Amino acid sequence: MKRSFLDFSRINAEKLFQNRFNILISILIILSVFLIIRLYFLQVVSFNHFDTLSKTNRIKYISTPPRRGIIYDRNNIVLADNASLYSIEINIKEAKNIKNIIDAVKKEIILSQKEINSFHKKRVKYSHYNSIILKSNLSEQEVAKILSIRHKYDGLDVTASLLRKYPFKEITHHVLGHVGYIDKKDLKSLDKKKYRNTQYIGKTGVEKFYENELYGKPGYKHVEINARGRQLRDLDIGYAEAGADLHLTLDIELQKFMYQKMFEFSGSSIAMNPKNGEILGMVSLPSVDPNERLWKYGFDQAEIKKLKSPLFNRSINGLYSPGSTIKPLVALNSIKNNLIDPYHEIYAGPYFQLPDSPRRFRDWKPEGHGMVDLNRAIVQSCDVYFYNLANNLGIKNMSLFFKNFSFGSKTGIDMPFESSGVLPSNEWKKKNIGYKWTDGDTVITGIGQGYFLATPLQLAYATSIIANRGLISIPKLNKDILKKKDKEILEKEEFFKNNIKTKDWEIITSAMFDVVNKQNGTAFWSIRNKNNKIAGKTGTVQVYSLSQETDERDDENIPDHLKDHSLYVGFAPVDDPQIVVATVIENVGSGSKFAAPISNKIINYYLDKVRKRY
Amino acid sequence: MILNKNIGVSDKLLFLTIIIVSLLGLTILYSATNENFDVVIRQGTRLIFCFFLMLFISSFDINRLKIISPYIYGTSIFLLIITLFWGHDSKGATRWIMIFGFSLQVSEILKVILPMMLAWFLSLSEDKEIDFTKLAISFLIIFLPISFVIKQPDLGTSLIILLCGIISIFLGGIKRTHIIYIFGLFVVVAPLMWKFLLLPYQKKRILTLIDPSSDPLGSGYHIIQSKIAVGSGGFFGKGFLNGTQSQLEFLPERGTDFIFAVFAEEFGFFGIMILFLLYLIIILRCIHITQKAKNYFSKILAGSITCIFVLLIITNVSMAIGLLPVVGVTLPLLSLGGSSLLSIFFAFGIMFSIHRRV
């Protein structure tokens, strides 16, 4: 052993070492103390802060959408129901390589190029969603296949969701409307908290109008998730409350019958109970199967073009000139104002001319009707007679009177997006067309042409007021609500009570009865079975006007889209009306030939077959 | 037999504490690996191996160890070169080589071998003070292995090895004027290193340390999740196997770099204090051994090992609570991994060997 360890220099070195060692240890002790203080701050002082962070890390709030209310017809037949739908979803935020996932799915099940393309389109359109559907409506076999490969791909999942089913498909489409995916536009107006995790929302029709009732109350779930977002267990559950079921006034048997009768046409037909405003049937054609729409997020544009605006609800949005169906009201107005003696015959030639004007207002009957009284003018739909009445009434008077029958304003039916139509007046023309009202405008308003536009629902509504002899029932689809008559309605009823005598109503209704039941009535040939005492009025609306030079119309050579609209309003039985029907058929020809027979068959069907079951 | 003063482990308290902390390490590893018993068994096997290695080393006379120091150093340099050419890759770095079926990270063991080599070199002429030549050679000894480690690339470990070497030179009696020169040189060289030497990922690591929230899902994610784990532990912790941050895998690198965060989350501030107390016992015993060491080589080596041990703990804990960048320093005796365990037990073997000479 060396002795150098005891040398003077060595002792110095040892001292130096001790010194250095002490310095290092001191530094390390200071650092350690600092660390401990730091740990104390983290774990004890800021515990709450980090505790919250840790909980938000692992706990996820999931909202569980409620079951949507079921929609029934008046006899508790299901019109809209929920079914389970299995879909392949790709979480675009979690997925590492979407193309790989799609390829993997393609190996397992049949996946068309169309589905893949539509997925990519949806990715852009619905970028605010995490998950986008790749394929819907999977079979159980397909579900099993995808579940077996799911664990290999982050973001790939099979989800079960409630699907809205409409068993009567296109027959009820326009009146029920449909649900659809919540899009960016919907997001703006709805309660995001309530609709979190909900895929569908009522888009049109009853589904939209009663969205709040049908939707229900969502539940929630607190689930524990791991760092990769996989759900591990439920911590807390609040169950969802199902939406309220809806009982409609529709009778699906009648609805089916109406759809069948209208099947080959474009247009709308509405059946309504005048006593209480209940809509018994309401069809708009063409129509499409709304079930398809849910899976495809929209229609094939080519298909839409092929059909004539199948998404357009003609019942409440289609605007048509009321044509001759308005004549009973013009007559009633003239009686009320003592402008005519209903039993006095006047001469009705081939045309009407205003003083100081060369313009000829032709009758539909080229040779004219000859001597006619009011009854005959309605029964044969004599235009010249009504040109005269309109000219005598003036636009202001007519406009005010029509207003009482709800023309120019919404009927107040429980459906969204109802149109108000156009009630022509001096003010209206100035504001919307920019020109002054002319006497010529007044004359053609008398036969429901010109600027006058109404929806089929408005026609049915106005007819129900005639059928009720001045009592008003607001149209409704929900059987369980009572439409309260507001001040405006009560005022209208008061107006009819004070101004129109019962006998005047009878003049009009009996003339309408004769339209169907007199040999020369425009609707006489429309129905053979006259047991139900139907009253009605036809209307033929010109889509293009005849030039002043020619007298003859060559009906054979008119292109389809310029052919006349065929209109009819009717009710029965005339003395105790149970049903009102208004029908508009586009571009087919006269009211007597198309709308009248269909409407009267609907009335007979309802009174003979449907009502018998109750 | 193993506690026999002449052949085995002589300091009973140090010995027992090491065993306790090691077992604690296995326990927390069980939780950190989501109750993966296989990993724990494997680590336990390594532990037993290292334990016998410690006994083997401690049975050597310290002067024998001193004589073979340069050979051990030479071997480690050789292994580093092999690592560079035949090592296997993990996460973009080549740090490991396979020896007899074991995966070895040579740079880990350098943390002990380098001080050993320096202690040997500085005690060659122990009666002369450290002049410039001696200092230059010392730094050569330090930078030779570091140059290989940087190549791997592993900046974190390089820095730690550099610190280990500096500690040894400092304890070996470097002149105060030299310290000032070196510090001055560092101030000049450091910015140049930042510009030319650091790889982008290393710069990013250091930058996210300064502001972890700037990249909450990237490099900052580790630091944020680790801090949440430590902070949400509270005073008594969430309980064994109940740490949500670690069990639900929000915390990355749970077994290795962030094992402290797992421990802190499940056992809280109270548990940490117990752990630190155990570490303190080990450290106090090491200081005792250092002070009682009979020769210059032993003193420098024991002092270096003591300081490095504390330094590693401080570095790892600072990483876990976001005070230092994530440089890949393990927590002594607790972290998963054979190489760090090997170097720690190698160091304790040396400490026991020195103690027997007291």
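Because the model is predicted, local features need pLDDT of at least 70 and side-chain atom pairs count only at pLDDT 80 or more, while totals for chains, interfaces and linings use all residues. Residues are numbered from 1 along each chain as its sequence is written, and chains are lettered from A and ligands numbered from 1 in the order in which they are written.

Chain A has 23 helices and 19 strands, where helices (H or I, at least four residues) and strands (E, at least two) are DSSP runs numbered from the N terminus. Of its 614 residues, 40% count as buried; a residue is buried if 20 or more other C-beta atoms lie within 10 Å of its own, exposed if 12 or fewer, and partly exposed in between, with C-beta atoms placed from the backbone. Among the contacts in chain A with a separation of 6 or more, 74% join residues 24 or more positions apart, two residues being in contact if their C-beta atoms, placed from the backbone, lie within 7 Å.

The largest nonpolar core holds 112 residues, of which A:Val206, A:Ile270, A:Ala271, A:Phe386, A:Ile579, A:Ile602 and A:Tyr606 touch the most other members. Such a core is a set of buried Ala, Val, Leu, Ile, Met, Phe, Trp, Tyr and Cys residues joined through C-beta atoms within 7 Å. Domain 2 (61–247) and domain 3 (252–613) of chain A both give residues to this core, so it lies between them; the domain bounds come from an automatic or database domain assignment. Leaving aside neighbours within four places in sequence, A:Phe386 is in contact with A:Lys327, A:Val330, A:Ala377, A:Gly446 and A:Ile447. Apart from this core lies another, of 104 residues, with B:Met54, B:Leu79, B:Leu80 and B:Ile109 among them.

Helix α10 of chain A (residues 252–262) has as its buried residues A:Ile252, A:Leu254, A:Gln255, A:Phe257, A:Met258, A:Tyr259 and A:Met262. What covers them includes β3 (78–91), β11 (267–272), β12 (279–285) and α23 of chain A. Beyond its neighbours within four places in sequence, A:Asn604 is in contact with A:Ile527, A:Asn529 and A:Asn532, and its C-alpha atom is separated by 8.5 Å from that of A:Asn531, 73 residues apart along the chain.

The peptide bond from A:Leu285 to A:Pro286 is cis, with omega near -5 degrees, and A:Pro286 is placed in the loop between β12 and α11 (290–296) of chain A. Another cis bond joins A:Ala572 and A:Pro573, with omega about -15 degrees; A:Pro573 lies in the loop between β18 (565–572) and β19 (579–585) of chain A. A:Lys533, not a glycine, has a positive phi of about 50 degrees and lies in the loop between α22 (502–517) and β17 (535–541) of chain A.

In chain B, the axes of helix α11 (residues 259–292) and helix α12 (residues 296–320) come within 10 Å and cross at roughly 170 degrees. Axes are lines fitted to C-alpha atoms, for helices over the stretch in contact, and angles run from 0 to 180 degrees between N-to-C directions. The two helices are therefore roughly antiparallel to each other, a term for angles over 145 degrees. The residues of their contact divide into 14 nonpolar, four polar and one charged; Ala, Val, Leu, Ile, Met, Phe, Trp, Tyr, Cys and Pro count as nonpolar, Asp, Glu, Lys and Arg as charged, and the others, Gly among them, as polar.

Key:
Angles under 35 degrees count as roughly parallel, over 145 as roughly antiparallel, 65 to 115 as roughly perpendicular and the rest as oblique.
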